[in-house]
Amino acid sequence: LDSKPWTKGILGGVIATDIIYKQKFDEKNRIALIVLDSTIEIAFKEFLVKESDHHYSDRELLDIFSQRHKVETEVKKYNKGKKITKTDWKKIAHYYDIRCKLVHQRASINIIDDDIKDYKKIVEKVTKILFGLNFN
């Protein structure tokens, strides 16, 4: 964290998820999923801005982050040879879709504990790959 202070917020997002997940209220998993998805999106932004050795203008970042698939495509450009698998990317897209349904649609979606555990593992794995973060 000392050498990469931009990762403190990423770590904080994972810690916040743990705190939320341990609570005893009905909507904890919804909130935890939104926090996890925000954390991975922020991680992608920090990776592109701080780790890619490419300067992005504010306009470029706004364009890239206007659609999640553009973000993923951009991260993949600089993440060659690292171990974010196709399965990981598919799960990230799956949980993003759930998050979008929670935020933008009328219907309620039930998010089970296993969803949160799975997404948290993916967020931890991806941030370890991108930044060397260790959550043990």
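**Close-up 1. Helix α2 along its length.** Helix α2 comprises 24 residues and spans 33 Å from its first C-alpha to its last, close to the 34 Å expected at 1.5 Å a residue, where the expected span is 1.5 Å times one less than the number of residues. Helices here are DSSP runs (H or I, at least four residues), numbered from the N terminus. The model is predicted, with local features requiring pLDDT of at least 70 and side-chain atom pairs counted only at pLDDT 80 or more, while totals for chains, interfaces and linings use all residues. Residues are numbered from 1 along each chain as its sequence is written, and side-chain values use heavy atoms, with hydrogens and water left out.

**Close-up 2. The packing of α2 against α5.** Helix α2 (residues 28-51) and helix α5 (residues 86-104) pack at an angle of about 125° with their axes 10 Å apart, the axes being lines fitted to C-alpha atoms over the stretch in contact and the angles running from 0 to 180 degrees between N-to-C directions. The two helices, α2 and α5, are therefore oblique to each other (angles under 35 degrees count as roughly parallel, over 145 as roughly antiparallel, 65 to 115 as roughly perpendicular and the rest as oblique). On the α2 side the contact (heavy atoms within 4.5 Å) includes Arg30, Leu33, Ile34 and Phe44, and on the α5 side the residues include Trp89, Tyr95, Tyr96 and Leu102. By class, the contact of α2 with α5 has 11 nonpolar, no polar and 4 charged residues, with Ala, Val, Leu, Ile, Met, Phe, Trp, Tyr, Cys and Pro counted as nonpolar, Asp, Glu, Lys and Arg as charged, and the others, Gly among them, as polar.

**Close-up 3. The packing of α2 against α6.** The axes of α2 and helix α6 (residues 113-131) come within 10 Å and cross at roughly 15°, and α2 and α6 are therefore roughly parallel to each other. By class, the contact of α2 with α6 has 13 nonpolar, 3 polar and 6 charged residues.

**Close-up 4. Leu48 in helix α2.** Leu48, a residue of helix α2, is buried, with a relative accessible area of 0% (buried means under 20%, exposed over 50% and partly exposed in between, with a 1.4 Å probe and protein chains only). Not counting residues up to four places away in sequence, Leu48 touches His54, Tyr56, Phe65, Glu74, Val75 and Tyr78.

Close-up 5. Asp53 lies in the loop between α2 and α3 (58-64) and has a positive phi of about 65° although it is not a glycine. At 80% relative accessibility, Asp53 counts as exposed.
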